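Keep the structure open as you read.

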Amino acid sequence: MNTFAVIILVALVGEYLLGAVSGLLSSRSFGPKVPAEFNGVFNDEKYARARRYTATRTRFGLVRGAFGLVVTLVFWFAGGFAWLDTVVRGLGKGPVVTGLAFIGALMLASTLLQLPFRAWSTFVIEGSYGFNRTTARTFGADLLKGAALTILLGGPLLAVILAVFEVAGLLAWLWCWIAVTAFTLAVQFIAPTWIMPLFNTFTPLDDGELHHAVLGYARSAGFPLEGIFVVDGSRRSSKANAFFTGFGKHKRIGLFDTLVEGYSVAEVVAVVAHEIGHYKKRHVWLQTALSIGHIGAMLWILSLFLRQEGLYAAFHVSEPSVYAGLVFFSLLFRPVELVLSVLVHVFSRRHEFEADRFAAETTGSGASLVSALKKLSADNLSNLTPHPMDVFLHYSHPPVLKRIGALQRLSVGSASPSG
């Protein structure tokens, strides 16, 4: 076992153990009583259900992660990568087609192996806690649509990356970075019109109190809207959400029907104000820039490892290739990805606080957003007191109690008389 193999093995096992420890700590972090801030929202019975839901999801995640880890290690040490490489080379096609076959076969196998877990999560776990509303037909249709998009959009992009690395020499990473950046931006522009409607129905919000309230707030915040739409989120889950899509003059607000039906007008406006806060604070563009920068750095580092014979030897593959190098490098890069994800989460949690503050300041009070956050937490059976280690590693949003505390301090500060 060479150095590359040792690093990858330690990374795979270490990442699983780290996630397992943080998940178990978070599952056991529930206090004996409902936090005082949630009295009247969480009763003892619902709090107990939230504890059981978190424990169930944690155990499920441990089993699912262990299964994926074992399958990967068995396939690796049994010479599976070398065997697959021999099979696709035997097709007698060029490096691009061969690479698409190699990576496509691995993705298909992974999808099929994870399918029972995905079904169990949806129909058994989410169903037993009253969240799931997905039918078998919708579940199957989502899988087929997702696969079609992967083939139609991801396939050509992967083909370009493989071809460029084959012929462009030392600057291949730069040309690939330009191509991936263009692809990423294009998808963001076409997603609201062409991709998202494949999975959900977007219905214009009826003219009424909520429509006027959201539209009036958006105008007062300098956020011109092309439309306000109700999304049939209840077709899959009882959980509520809101989001905005689009750029320039084509910005849209999407409100899940579960949010419209279960929350007051003031609460919905506060949630919308939070989402608009992300746009006004330029969080969307910053996250996009960080993502593009991350891709560029990864492609550059990839270019340094593609000709490292030791990387291929670690997986018993005798002949280097761009397509195999992509797969093996993705495993080698896992520790760096973990560190980068932690840094991204740090920025993301800070952005959530900033968006909360924007919502409170532009609506005149944080009370409605606090009320909405409490309802969302209760409706989703959220862990109100996750362990700090789990938050640090995996949470893109701050724990809800910290968000509520920040909003309440903001309200107290704004109400304090000046001296």
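How many cavities of 30 Å³ or more does the structure hold? The structure holds one. Keep in mind that this is a predicted model.

**The cavity**

- The largest cavity has a volume of about 40 Å³.
- Its lining is made by Pro-192, Met-196, Phe-202, Phe-243, Thr-245, Arg-252, Ile-253 and Gly-254.
- Two elements give two or more residues each to this lining: strand 3 (242-245) and strand 4 (252-256).
- Strand 4 gives the most, with three residues.
- By class, the lining of the largest cavity has five nonpolar residues, two polar and one charged.

**The second largest pocket**

- The second largest pocket holds about 280 Å³ of space.
- It is lined by 14 residues, and those closest to its centre are Leu-290, Ser-291, Leu-340, Leu-343 and Val-344.
- Helix 10 (283-305) and helix 13 (334-363) each supply at least two residues of this lining.
- Helix 13 has the largest share, with nine residues.
- The lining of this pocket divides into eight polar residues, five nonpolar and one charged.

**Helix 1 with helix 2**

- Two packed helices are described by the angle between their axes and the distance between the axes.
- The axes of helix 1 (residues 3-27) and helix 2 come within 9 Å and cross at roughly 170 degrees.
- Angles over 145 degrees count as roughly antiparallel, so helix 1 is roughly antiparallel to helix 2.
- On the helix 1 side, the contact is made by Ala-5, Ile-8, Leu-9, Leu-12, Val-13, Tyr-16, Ala-20, Gly-23, Leu-24 and Ser-27.
- On the helix 2 side, the residues include Thr-54, Leu-62, Gly-65, Leu-69, Trp-76 and Phe-77.
- The contact of helix 1 with helix 2 has 15 nonpolar residues, six polar and no charged ones.

**Helix 2 with helix 4**

- Helix 2 (residues 44-77) also packs with helix 4 (residues 95-128): their axes come within 12 Å and cross at roughly 165 degrees.
- Helix 2 and helix 4 are therefore roughly antiparallel to each other.
- Their crossing is right-handed.
- From helix 2, the contact residues include Tyr-53, Arg-57, Phe-60, Arg-64, Phe-67 and Phe-75.
- From helix 4, they include Leu-106, Leu-113, Phe-117, Arg-118, Trp-120 and Glu-126.
- By class, this contact has 11 nonpolar, four polar and four charged residues.

**Helix 4 with helix 5**

- Helix 4 and helix 5 (residues 136-167) pack at an angle of about 155 degrees, with their axes 10 Å apart.
- That angle makes helix 4 roughly antiparallel to helix 5.
- The crossing of helix 4 and helix 5 is right-handed.
- Helix 4 brings residues such as Pro-95, Val-96, Gly-99, Leu-100, Ile-103 and Arg-118 to the contact.
- Helix 5 brings residues including Phe-139, Leu-143, Thr-150, Leu-158, Leu-162 and Glu-166.
- The contact of helix 4 with helix 5 divides into 15 nonpolar residues, four polar and two charged.

- Arg-118 of helix 4 takes part in the contact with helix 2.
- Arg-118 also takes part in the contact of helix 4 with helix 5.

Definitions and conventions: Residues numbered from 1 in each chain as written. Predicted model: local features only at pLDDT ≥ 70, side-chain atom pairs only at ≥ 80, totals over all residues. Heavy atoms only, no water. Axes fitted to C-alpha atoms, helices over the stretch in contact; angles between N-to-C directions. Helix = DSSP H or I, 4+ residues; strand = E, 2+ residues; numbered from the N terminus. Parallel < 35°, antiparallel > 145°, perpendicular 65-115°, else oblique. Left-handed = near helix turned anticlockwise from the far one by under 90°. Contact = heavy atoms within 4.5 Å. Nonpolar A, V, L, I, M, F, W, Y, C, P; charged D, E, K, R; others polar. 1 Å grid on protein atoms, 1.4 Å probe; cavity = no way out; pocket = protein on both sides within 12 Å on 5 of 7 lines; lining within 4 Å. Points joined across faces, edges and corners; volume = space filled by probe spheres on them.
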